[in-house]
Amino acid sequence: MKIVIVTDSTSYLPKETLEKLDIHTISLEVTFGNQSFKEVDLIVEEFYQKSKEELPKTSQPSLGEFVKLYEQLSVDYDEVISIHLSSGISGTYAGSMQAAEMVGGVKVYSFDSELACALQGFYAVKAAEMAKDGASAQEILAELHEMKKTLRAYFMVEDLKHLQRGGRLSGAQALVGGMLQIKPILHFQDKVIVPFEKIRTRKKAMNRIVGLLKDASKDDKKLKATVIHANRLEEAKQWQKELQISCPHVEFEISCFGPVIGTHLGEGAMGLGWVEK
């Protein structure tokens, strides 16, 4: 059986990775006023600059786009594993499930990553590598579920108002955080974004996240990790250098909070995620 991997634009995988592993992408949309843009067509730096002037909105791919993509893939492939951002913050996964029932000639397996960004990309890359090595869809899905046991992601935002406005955090939590200048560490729990721990300053929050990584890498566990930033590349590079010294057994890379996720987190957000290799 010939298997192909699909993910959505919020995995923020580099173009060269998508091409090398034959990973197909379906794009979410970002809207400024009356203008809508495919996320994949936006330049991240320009998005953050424009979002200072006008608050954007986001939307999931249409059902028709999913059906069109799966029908196109059915010409060359027998099975599709479609990996998407958490169903707790977007209807993208549900759209994939619906489209899968409408398309003939190809079997579609929809997978809920239960998070987003580079960690979602970890799943897509692993699935694509296994598909290239001849693994079955069942073997790939079993491995993805196994990855969930050790995959963790923690992040902090500069301003809670973006999460509040998008319905990802309650108004009361945003108000208290803003008044006390709290920089809460956030994570995904049961598919939604919730506070993990309340920290007073940005530096202390980042140090606390490093501590969580160190705990996870005890006993020389081999981890793959990613620093994720919202238009803070130089800060991300510096953090990566520090992390490589304090956690030498961890393999690091850098990714970003792109336009869709950046809409809800705001510029300046920083995160760190990892999985056992």
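Helices (H or I, at least four residues) and strands (E, at least two) are DSSP runs, numbered from the N terminus. This is a predicted model, in which local features need pLDDT of at least 70, side-chain atom pairs count only at pLDDT 80 or more, and totals for chains, interfaces and linings use all residues. Residues are numbered from 1 along each chain as its sequence is written, and side-chain values use heavy atoms, with hydrogens and water left out.

I will start with two loop residues. Most residues other than glycine have a negative phi. Glu 114, in the loop between strand 7 (107–112) and helix 5 (117–132), has a positive phi near 65°. Asp 22 also has a positive phi, about 55°, and sits in the loop between helix 1 (15–21) and strand 2 (23–26). Buried means under 20% relative accessible area, exposed over 50%, partly exposed in between (1.4 Å probe, protein chains only). Glu 114 is partly exposed at 29%, and Asp 22 is partly exposed at 32%.

Next, helix 6. Which residues of helix 6 (residues 137–147) are buried? They are Ala 137, Ile 140, Leu 141, Leu 144 and Met 147. These residues lie on the same side of helix 6, because they cover an arc of only 115° around the axis, taken from the directions from the helix axis to the C-beta atoms. An α-helix has 3.6 residues a turn, so residues three or four places apart point the same way. Among the elements that cover the buried residues of helix 6 are strand 1 (3–8), strand 6 (79–84) and strand 13 (270–276); strand 7 and helix 5 also belong to that cover.

That is what I have.

Notes:
Contact means heavy atoms within 4.5 Å.
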